[in-house]
Amino acid sequence: MLRRAIEGNRIELRIKPEEKAILARAAAIENMDLTKFILHRILPEARAVIDRAERVVMSERDSLKVLDLLENPPKPTARLRRAAKAGHNLS
């Protein structure tokens with residue numbers, strides 16, 4: 001579904017006439033056409049949404065814990081060894 005939405009260069013947006021009028025008025029005030037106005041306002045917000053979704057924010061304590069675990073990983077449990085062996089046999 002997402003791929004189909006990205007393939008074309010058009011986006012359909014159904015809004016109420018009064019909402020379109022507000023957008024058109026704001027675009028005119030900013031000396032932009034409607035498409036440029038919407039993209040100018042929405043793209044930074046879309047980037048921020050993606051950035052928040054893809055970024056992991058940790059406290060200093062948590063960061064140090066992760067680094068410690070990377071440098072000194074715990075020994076695998078029997079359950080983890082069984083899972084790894086089962087996953088290995090799937091291919």
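Guide: A residue counts as buried under 20% relative accessible area, as exposed over 50%, and as partly exposed in between. The structure shown here is a predicted model.

Visitor: Is Glu30 buried, partly exposed or exposed?

Guide: Glu30 sits in the loop between α2 and α3. Its relative accessible area is 38%. That value lies between the cut-offs of 20% and 50%, so Glu30 is partly exposed.

Visitor: Which residues does Glu30 contact, leaving aside its neighbours within four places in sequence?

Guide: A contact requires heavy atoms within 4.5 Å. With the neighbours within four places in sequence set aside, the contacts of Glu30 are Phe37 and Arg41.

Visitor: Is Asn31 buried or exposed?

Guide: Asn31 is also placed in the loop between α2 and α3. Its relative accessible area is 73%. The cut-off for this class is over 50%, so Asn31 is exposed.

Visitor: What is the phi of Asn31?

Guide: Asn31 follows α2. The residue is not a glycine, yet its phi is positive. The value is about 60°.

Visitor: How do the axes of α2 and α3 lie to each other, roughly parallel or roughly perpendicular?

Guide: Two packed helices are described by the angle between their axes and the distance between the axes. Helix α2 covers residues 17-29 and helix α3 covers residues 34-54; their axes are 9 Å apart and meet at an angle of about 90°. Angles of 65 to 115 degrees fall in one class, which makes α2 and α3 roughly perpendicular.

Visitor: How many residues of the contact of α2 with α3 are charged?

Guide: From α2 come Lys20, Leu23, Ala24, Ala26 and Ala27, and they meet Leu34, Phe37 and Ile38 of α3. Seven of the residues in this contact are nonpolar and none is polar. Lys counts as charged, and the number of charged residues is one.

Visitor: What span should α2 have, at 1.5 Å a residue?

Guide: Helix α2 has 13 residues. The expected span is 1.5 Å times one less than the number of residues.

Visitor: How many helices are in the chain?

Guide: From the N terminus on, the elements run α-α-α-α-α. There are zero strands, and the number of helices is five.

Visitor: What share of the residues of the chain counts as buried?

Guide: The chain has 91 residues. Its accessible surface comes to about 9300 Å², and carbon and sulfur atoms account for 58% of that surface. With the cut-off for buried at under 20% relative accessible area, the buried share of the residues is 3%.

Technical notes
Residues are numbered from 1 along each chain as its sequence is written. This is a predicted model: local features need pLDDT of at least 70, side-chain atom pairs count only at pLDDT 80 or more; totals for chains, interfaces and linings use all residues. Side-chain values use heavy atoms; hydrogens and water are left out. Axes are lines fitted to C-alpha atoms, for helices over the stretch in contact, and angles run from 0 to 180 degrees between N-to-C directions. Helices (H or I, at least four residues) and strands (E, at least two) are DSSP runs, numbered from the N terminus. Angles under 35 degrees count as roughly parallel, over 145 as roughly antiparallel, 65 to 115 as roughly perpendicular and the rest as oblique. Buried means under 20% relative accessible area, exposed over 50%, partly exposed in between (1.4 Å probe, protein chains only). Accessible areas come from the Shrake-Rupley method with a 1.4 Å probe; for residues, only the protein chains shown count as cover.
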